[in-house]
Amino acid sequence: MTPFASSRFPITLLALSLTACTPQGKGLSDVANDLEQRTGQHFAETGADETAWPANISLNDGLSDDELVSLALWNNPAFHATLADLGLSRADLVQAGMLPNPTLSMLMPFGAKPLEMTLIYPLEIFWLRPQRIETAKLDVEQTAHRLVQTGLDLIRDVRVAHAELTLAKERLKLAHSSVTLNQNIAELTHARLRAGDASELEVTNAQVDSLQAQEQQGRFRHDCEIAKERLRNLAGLSLEQWPENISAEKLPDSNKFDAEKLLTEALNARPDLRAAEINVESAAERIGLAKAEVFKLTASLNAKQVNGPLLAGPGLDVTLPIVNQNQGGIAQAQARFDKAARQYVATRQRIALDVREAHARLQQASESLKQWQQTILPPLRIAIQDAENAYAAGNVTYLFVLETQRRWLDAQLKTAQAAADLRRARAELERSVGQRLKPA
């Protein structure tokens, strides 16, 4: 080994050792595992042009709520595009751990001017590098938590879209019954007109009601298609084969939750709050880094040919922070820290709003559905039976029976809307807490 190579070997070994010691930070599997612990839903990275059908998907009995969520986590392109942010943050972490290359300047011998070479290496990297790595590592962790929150948002969106599709199907089903009912009323009213028992105005009103019911049925049919396409898009299958059989979403259980206890869980569990907290830590690290960047120290090795032999000697360049102490950089870092701290407080307050609002909506929807199911629908069902019995006994007209059935259909439609409100509120509350809800 030549003397030059022998002297370079320890430096190269040190550089490789420092580079190898650079941490990799959290990976995609950590994000997937975190999301699975919170929701029971797992996913893995897929190719950009690949459609994944997870093992838990079964098309025989229609896609359920959980199966749609699983499809979305595996295939939603917007979600997977966001996941690429983690790769960018990990690349920044690798870059933060890299050592700079030395600079060699050379003056070629020309005439009386001798050969002269200078090798320069910045030494401040050895005290700046640990801080840069720590900052980049915090950025990776922040990105990972932000991606978990993005996954929770996607799960919420899928459950809400499924609730919308379930409601649209129920509306379409009731609209079909409403069309039949209004047509019967219109025909009966017309018959009464011929018998001299109804006016032209009553006939016109009955026909208008029938036409409105048909228009509403057509509108609900389109609403159903729109809701289905939105769900298909969230599942990442807009351009892929889409199973038409989507099972109706089950009603969530009627467990009651304590809002303040849920808020405490959310403040401990929400990944976006943890990301905001890490952002504050990262901003604080950047203040120290900006202060450390004031001092710059450069080692040099100069070699000059003097009367034949090449004479070499070390040197040192020190930047004296007399005029510029990096005041601008420090001020920027301080401002970013202040902003991060205020964003952290804002995130906490937004979480409090999310949880309390979602809890109130869940309570409201639960009470409304309970009233429709237990207080309003039973007497209406009895009223239909009484009307049919009265009609059989000749005490009321058939038109009265039909009007009672129309009120029954309206009540069923409002019950379906209350059920959809309950499903949406439950999905929003789970997203607000940052994990599956546990009974109080």
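User: How do you know how the axes of helix H2 and helix H5 lie to each other?

Analyst: The axes of H2 (residues 28-39) and H5 (residues 125-194) come within 9 Å and cross at roughly 45 degrees. Axes here are lines fitted to C-alpha atoms, for helices over the stretch in contact, with angles from 0 to 180 degrees between N-to-C directions. Helices are DSSP runs of H or I, at least four residues, and strands are runs of E, at least two, numbered from the N terminus. This is a predicted model, where local features need pLDDT of at least 70, side-chain atom pairs count only at pLDDT 80 or more, and totals for chains, interfaces and linings use all residues. Residues are numbered from 1 along each chain as its sequence is written, and side-chain values use heavy atoms, leaving out hydrogens and water.

User: Why are H2 and H5 called oblique?

Analyst: Angles under 35 degrees count as roughly parallel, over 145 as roughly antiparallel, 65 to 115 as roughly perpendicular and the rest as oblique. At roughly 45 degrees, H2 and H5 are therefore oblique to each other.

User: What makes Ser 432 buried or exposed?

Analyst: Ser 432, found in helix H10 (residues 398-433), has a relative accessible area of 0%, so Ser 432 is buried. The cut-offs are under 20% for buried, over 50% for exposed and partly exposed in between (1.4 Å probe, protein chains only).

User: What joins strand E2 to strand E3?

Analyst: Seven bridges join E2 (residues 116-122) to E3 (residues 297-305), and the two run antiparallel. A pair takes at least two bridges found by DSSP. Leu 119 stands opposite Leu 301 in E3.
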